[in-house]
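This report goes through one protein structure, topic by topic. Please keep the sequence and the 3D view open while reading.

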Amino acid sequence: MPFVIGIDAGGTKTVGLLADETGKVHSKSISGGANLLVKGELAVEKVLFDVIESLEAPEPLAALCLGIAGVGQPGADEVIREVLRRIGQRQPTRVVNDALVALVAGAPSGIGIVVVAGTGSIAYGVDPNGHEARAGGWGYLLGDEGSAFWLGHYAVRHAIRAADGRGVATTLYPLICEKLGVSEPTELVKWFYDQELSRNRVADLASLVERASADGDEAAETLMDQAAKHLASAARAVSNHLDFPGHHPIILAGGAFKACPSLAPRITTLLEDLPDVEVTLLEVEPAVGAVTLALELLQ
């Protein structure tokens, strides 16, 4: 029986699934983040090697699909393919953007729009004519609005402003200090600028924004609304570049939606005027979409 591997390589974690020709998953493996631009080639190679080895796939493997951020940028595709060759993966292989993997996980036809909000954020879509469009996904310095990192970053900004009297009072400051084990603004600033720590640590603060917002904190509520507006705007931008003659989904995927459960309904409300659209939260691993794309290589 032929077996395939589908991998979703995100900024925070990498998930691999081993499935047979029917799509039944036989094993699952999880490792660290594998963003090529942030982690570097050797770190990505180690993560992919660990994930594939842990799946214990029977030989020979029939096909593999890897969804990873950064694909499409100059030279990135070939770098990833060379990494896969170095770790012994020479079967038919698809290397695609991780947003496509999430879209197919939620809409197996591959038609629709996906809004991914994890450590970073991006909106991506494909219409029935095969036209593609994207908005965002430009990294934390140029974009990633509405992502878990964006929420964590702005939570710290609000906290610091409140601590030194330049901003509105907010419970975000004591919540963040308690979580990090710090007690002074200078300690919080030192923690934030520590370059030896990953951006994931800032993204982990997103759940505190949700918590503070639920308790009525004005600054946190504003941040949640702004995040939803940024992500909804990205979805609209993609929709404006594509042609959907009938019903189509907008899939919401990524860790930010798990950390902040109120984010999805906020976006749904902002997009309710779009015709023939159903906004749904992805309930399965995005790697399921990578399995679907890998199985297409068997046809």
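At 56% relative accessibility, Tyr193 is an exposed residue. Here, exposed means over 50% relative accessible area, buried means under 20%, and partly exposed lies in between, with a 1.4 Å probe and protein chains only. The model is predicted: local features need pLDDT of at least 70, side-chain atom pairs count only at pLDDT 80 or more, and totals for chains, interfaces and linings use all residues. Residues are numbered from 1 along each chain as its sequence is written, and side-chain values use heavy atoms, with hydrogens and water left out.

A pair of aromatic rings is described by the distance of the centres and the angle of the planes. Rings of Phe, Tyr and Trp (its six-membered ring) pair if their centres lie within 6.5 Å; planes under 30 degrees apart are stacked, over 60 edge-to-face, and the rest tilted. The count by this rule is 2 aromatic pairs. In one of them, the rings of Trp150 and Tyr154 have centres 4.8 Å apart and planes at 35°, so this pair is tilted. Trp150 and Tyr154 are 4 residues apart in helix H5 (residues 148-163), which separates them by about one helical turn. Helices (H or I, at least four residues) and strands (E, at least two) are DSSP runs, numbered from the N terminus. An α-helix has 3.6 residues a turn, so residues three or four places apart point the same way. Trp150 is buried, with a relative accessible area of 8%, whereas Tyr154 is partly exposed at 28%. Phe192 and Tyr193 form an edge-to-face pair, 5.5 Å centre to centre with 85° between the planes. Phe192 is buried at 17% relative accessible area.

## Charges over rings

A charge sits over a ring if NZ of Lys or CZ of Arg is within 6 Å of the ring centre and within 35 degrees of the ring normal. The charged end of Arg134 sits over the ring of Trp138, 3.8 Å from the ring centre. Likewise, the charged end of Arg201 sits over the ring of Trp191, at 5.0 Å from its centre.

## Cysteines

How many disulfides does a search of the whole structure find? The search finds 0 disulfides, a disulfide being a pair of cysteine sulfur atoms within 2.5 Å. Cys177 is in no disulfide, and the nearest cysteine sulfur, that of Cys260, is 19 Å away. Cys177 is buried, with a relative accessible area of 7%. Cys65 is buried too, at 0%.

## An enclosed helix

Helix H13 (residues 287-296) has 7 of its 10 residues buried, so it is largely enclosed by the rest of the structure. The buried residues are Ala287, Gly289, Ala290, Val291, Leu293, Ala294 and Leu295. They pack against strands E1 (3-9), E2 (13-20), E4 (63-68) and E5 (93-96), and against helix H4 (98-106).

Ala19 lies in strand E2 and is buried, at 0% relative accessibility. Contact means heavy atoms within 4.5 Å. Leaving aside neighbours within four places in sequence, Ala19 is in contact with Pro2, Phe3, Val4, Lys24, Val25, His26 and Val291. Ala19 and Ile5 are 14 residues apart in sequence and 6.3 Å apart in space, C-alpha to C-alpha.

## The largest pocket

Rolling a probe the size of a water molecule over the atoms shows where empty space is left. On a 1 Å grid over the protein atoms alone, a pocket is an open set of points where a 1.4 Å probe fits, with protein on both sides within 12 Å along at least five of seven lines; lining residues have an atom within 4 Å of a point. Grid points are joined across faces, edges and corners, and a volume is the space filled by probe spheres set on the points.

The largest pocket holds about 1,200 Å³ of space. Its lining has 49 residues, of which Gly10, Gly11, Gly118, Thr119 and Gly120 lie nearest the pocket centre. Elements that each supply at least two lining residues include E2, H4, strand E7 (121-126) and helix H9 (206-214). Helix H11 gives the largest share of the lining, 5 residues.

Arg161 is in helix H5 and is partly exposed, with a relative accessible area of 35%. Leaving aside neighbours within four places in sequence, Arg161 is in contact with Arg166 and Gly167. Val189 is in helix H7 (residues 185-193) and is partly exposed at 33%.
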